[in-house]
Amino acid sequence: MKKKYMFTPGPTMIPSEVLLAEAAPMIHHRTPQFAHIMGEVVDGLKKLFGTKEDVYLIMGTGTAAMEAAVANICSPGDKAVCAAGGKFGERWAELAEVYGCNAVQIEVEWGNSLTVGQAEAALKDHPDARALYITHSETSTGALTDVEAIAQLTRQSRTLLVVDAITGIGIHPFKMDDWGVDVVVSGSQKGCMVPPGLAFIAVSARAWEIVEACTSARYYLDLRALRKSWENKTTPFTTAVSLTRALHKSLQMIFEEGLDQVHARHARLAGAARAAVRAMGLELLPRNPANGLTAAYGPQGMDTGDLIELMRDKYGVTMAGGQGGLKGKIFRIGHMGHLSEEDLLVGIETLEKALKDLGYDFPLGAGLRAAREALA
Ligand SMILES: *Cc1c(COP(=O)(O)O)cnc(C)c1O
């Protein structure tokens, strides 16, 4: 028997309670019974986002909410300043271009995080920008951005702040209202412990004014339609009933553990993973690492694609490799969502075995020891 583990930065492992909730017989989405579930889901998401605004469900993966955050905010010709720094940061600029916007990229080296200074300079150079698009936790590099500090700049300007918090929400504390963030997007398959297929979006009062005036073409992703339907506690199109019930269950589990405790657990797991990687003599990629995943360079001369394949096929443990220019160079240990300290040790142990199998010379057990010490 080979027990399978996922240490991937999305999709992530799903608790069996959530899988069972998803497997329940179908109910119709336009019933009081389902509206009650939706109401509780929206209330739960509001706590995760740190907002009094409603959080809307979009039936699609995280990118659908990203697209909604462009299609409803930027009109053709509008200037959208996008912080690069990874595959997902670059996606903001790609989307803005598709919608006929003037996408201006802030160059951020992969592994670095957008700095307050860079954001300040961009806002000064582009006072006419409709929005600044940033990534809370850049999953392709494991780098974390200080959203609160950047929001302090945008809230004093006419430029909206739009944040991809897809691997931030449920992992790091997020305070949309207190920080003054205008649009926040997230998705189901990362910290929320639900299969892929749901995306979430919340919009500030001042951003709603822009949404209303926006001239970009949109139909399925029209936030005005979502808002109008939600007045009747429903969605404009068929709701993904089973996924929503899965999310209902996972939110219950998050609040049973306590949101602060969930954040603290992720911080502990991240601390242990970083300590383990360093103790194996390997180098972390991000300077300011996020708590949902640990991205590190493989040993000199090793294709990390081989490492990932070996872990998966020989040991049943799935981690992620690098994307774009980092393909073959880095590996990424996802430790977000339904993951205990004991689970993480399984991942570290497997990583050590696979590194040894591939001929990397290091003191076997060093990573495991460092992780245990960090957790103690
Ligand atoms: C997973 C992820 C996305 C969304 O990707 P989908 O494949 O559409 O779910 C976007 N941004 C970040 C930072 C992510 O981690």
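View 1. A polar side-chain atom of Lys 190 lies 2.7 Å from an oxygen atom of the ligand. The protein covers 88% of the 380 Å² of accessible area that the ligand has on its own; accessible areas come from the Shrake-Rupley method with a 1.4 Å probe, and for residues only the protein chains shown count as cover. This is a predicted model, in which local features need pLDDT of at least 70 and side-chain atom pairs count only at pLDDT 80 or more, whereas totals for chains, interfaces and linings use all residues. Residues are numbered from 1 along each chain as its sequence is written, and side-chain values use heavy atoms, with hydrogens and water left out. For Thr 61, a polar side-chain atom is 2.6 Å from an oxygen atom of the ligand. In the side chain of Thr 63, an N or O atom is 2.5 Å from an oxygen atom of the ligand. A polar contact is a pair of N or O atoms within 3.5 Å; within protein, one must be able to donate a hydrogen and the other to accept it, and residues adjacent in sequence count only if both atoms are side-chain atoms.

**View 2. Make-up of the shell around the ligand.** The ligand is surrounded by 14 residues, the closest being Thr 61, Thr 63, Thr 139, Asp 164 and Lys 190 (near: a heavy atom of the residue within 4 Å of the molecule or strand). By class, three are nonpolar, eight polar and three charged; Ala, Val, Leu, Ile, Met, Phe, Trp, Tyr, Cys and Pro count as nonpolar, Asp, Glu, Lys and Arg as charged, and the others, Gly among them, as polar. Helices α3 (62-71) and α4 (87-98) each supply at least two residues of the shell, and α3 gives the most, with three. Helices (H or I, at least four residues) and strands (E, at least two) are DSSP runs, numbered from the N terminus.

View 3. In α5 (residues 116-125), the buried residues are Ala 119, Ala 122 and Leu 123 (buried: under 20% relative accessible area; exposed: over 50%; partly exposed: in between; 1.4 Å probe, protein chains only). Seen down the axis of α5, these buried residues fall within an arc of 100°, so they line one face of the helix; the arc is that of the directions from the helix axis to the C-beta atoms. They pack against β3 (79-83), β4 (102-106), β5 (131-135) and α6 (147-154). The face turned away from the buried side carries the exposed residues Lys 124 and Asp 125.

**View 4. Surroundings of Asn 291.** Asn 291 is found in the loop between α11 (259-279) and β11 (293-297). Asn 291 is buried, with a relative accessible area of 12%. The side chains of Asn 291 and Arg 274 are joined by a polar contact of 2.7 Å. Leaving aside neighbours within four places in sequence, Asn 291 is in contact (heavy atoms within 4.5 Å) with residues including Ile 171, His 172, His 266 and His 335.

View 5. Most residues other than glycine have a negative phi, and most peptide bonds are trans. The peptide bond from Gly 10 to Pro 11 is cis, with omega near -10°, and Pro 11 lies in the loop between β1 (5-6) and α1 (16-23). Met 193, not a glycine, has a positive phi of about 60°. Met 193 sits in the loop between β9 (183-187) and β10 (198-203) and is buried, with a relative accessible area of 5%. Lys 233, also not a glycine, has a positive phi of about 55°. Lys 233 is in the loop between α9 (223-230) and α10 (241-257) and is partly exposed, with a relative accessible area of 41%.
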